[in-house]
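Me: Got a new one open and I'd like a quick tour. Can you help me find my way around?

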Amino acid sequence: MADAAVDRTPRVLIAADKFKGSLTAVQVAERVTAGLRRAVPQVEVESLPVADGGDGTVDAAVAAGFERREVRVAGPLGDEVTAAYALRGDTAVVEMAEASGLQRLPAGVFAPLTASTYGSGELLRAALDDGARTIVFGVGGSATTDGGAGMLSALGARFLDADGTPVAPGGAALRDVETADLSGLDDRLTAVDLVLASDVDNPLTGPKGAPAVYGPQKGASPDDVATLDAALAHFATVLEKAIGRAAEYAAAPGAGAAGGIGYGALVLGARFRAGIEVMLDVLGFASALERATLVITGEGSLDEQTLHGKAPAGVAAAARAEGKEVVAVCGRLTLRPEALGTAGIRRAYPLTEIEPDIAKCIADAGPILERVAENIGRDFLA
């Protein structure tokens, strides 16, 4: 009896992050799919938009089958905004940037000393109200440097000054904290598996801490950075007296994530994991990978930061472990071929190979990406 014919249909898994400022992760997958099919009409494509815990994390979960839930919460300046989280069964994906991200500030406005994570705490509380028992808390892209104090306040903690008055919102006001009372924290937090998902492992304070490394991105001057660093250090000292282990949490990897909201999450008992690893688990990447003969990942810029916990590096590492070939798409590329190879990426295809003008690449990212994907189809699938 003759052997059954070998199925040689190419199967591509597109697991790319957003091209920030140009295309969402979902749009990247759509454009790559269109380009591949122009080159190889019979190709089978499965798309699994990914994120590393920062902005776009909820959208990635929704694209993977989670239900989008919306709630009104406080923005970083205290004004009410509509923020979303994702829910499937008793697992929620909460993205702090939805409530407390830079995109929630008016254009050109920064508030490094006063921006608060209160709305992020409200998002966590909404997920608890919806019955979540596992919460993936993706942090990144924050407008805040308040050590998670606002988030903790929204969940029932109280931070009081010498007169017994609640301190003002924001990181700078934490220098006035004399008493930390966490006895009113939501009881449901003790029964929840809270996962802090981030692509950075900075401590809370010091030369590699949240104010020094990320404060300038949020409009903090050198004086502001010094103010915030001292205030957060004082905040951790007060918490140490109140609950113990707070100093240990402040030095732990991830404490400095998203303006120190990582620290607040650790105080709540969260366990820290690399954001992309968590999201690949939540999104069902392993089963999709089994079906693929080629994996396409990518993000707006493939650079040194990519190698340190960003989505493409996580996708490539997981794919390489299963012996799958990986190529990447990007807006611009600054990594040398040997660095790509070390990361598990066979080849990268930047939009700038087709259109050297970066402004045009940003404006016309979709059509150019389709042409890039057509080249990938010819090179790897035809």
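Me: Is Arg 245 buried, partly exposed or exposed?
Reply: Arg 245 is partly exposed, at 47% relative accessibility (buried is under 20% relative accessible area, exposed over 50%, partly exposed in between, with a 1.4 Å probe and protein chains only). By the way, this is a predicted model: local features need pLDDT of at least 70, side-chain atom pairs count only at pLDDT 80 or more, and totals for chains, interfaces and linings use all residues. Residues are numbered from 1 along each chain as its sequence is written, and side-chain values use heavy atoms, leaving out hydrogens and water.

Me: Where is Arg 245 found?
Reply: Arg 245 sits in the loop between helix H7 (222–243) and helix H8 (246–251). Helices here are DSSP runs (H or I, at least four residues), numbered from the N terminus. Arg 245 has a positive phi of about 65°, though it is not a glycine.

Me: What about Ala 258, buried or exposed?
Reply: Ala 258 is buried, with a relative accessible area of 10%. Its place is in helix H9, and its phi is positive too, about 50°, although Ala 258 is not a glycine.

Me: New topic: which residues touch the most other members of the largest nonpolar core?
Reply: Ile 135, Phe 137, Phe 159, Leu 239 and Tyr 263, out of 57 residues. Such a core is a set of buried Ala, Val, Leu, Ile, Met, Phe, Trp, Tyr and Cys residues joined through side-chain atoms within 4.5 Å.

Me: Which helix gives the largest share of this core?
Reply: Helix H9 (residues 257–267), with 7 residues. A second, separate core has 40 residues, including Val 136 and Ala 197.

Key
Helices (H or I, at least four residues) and strands (E, at least two) are DSSP runs, numbered from the N terminus.
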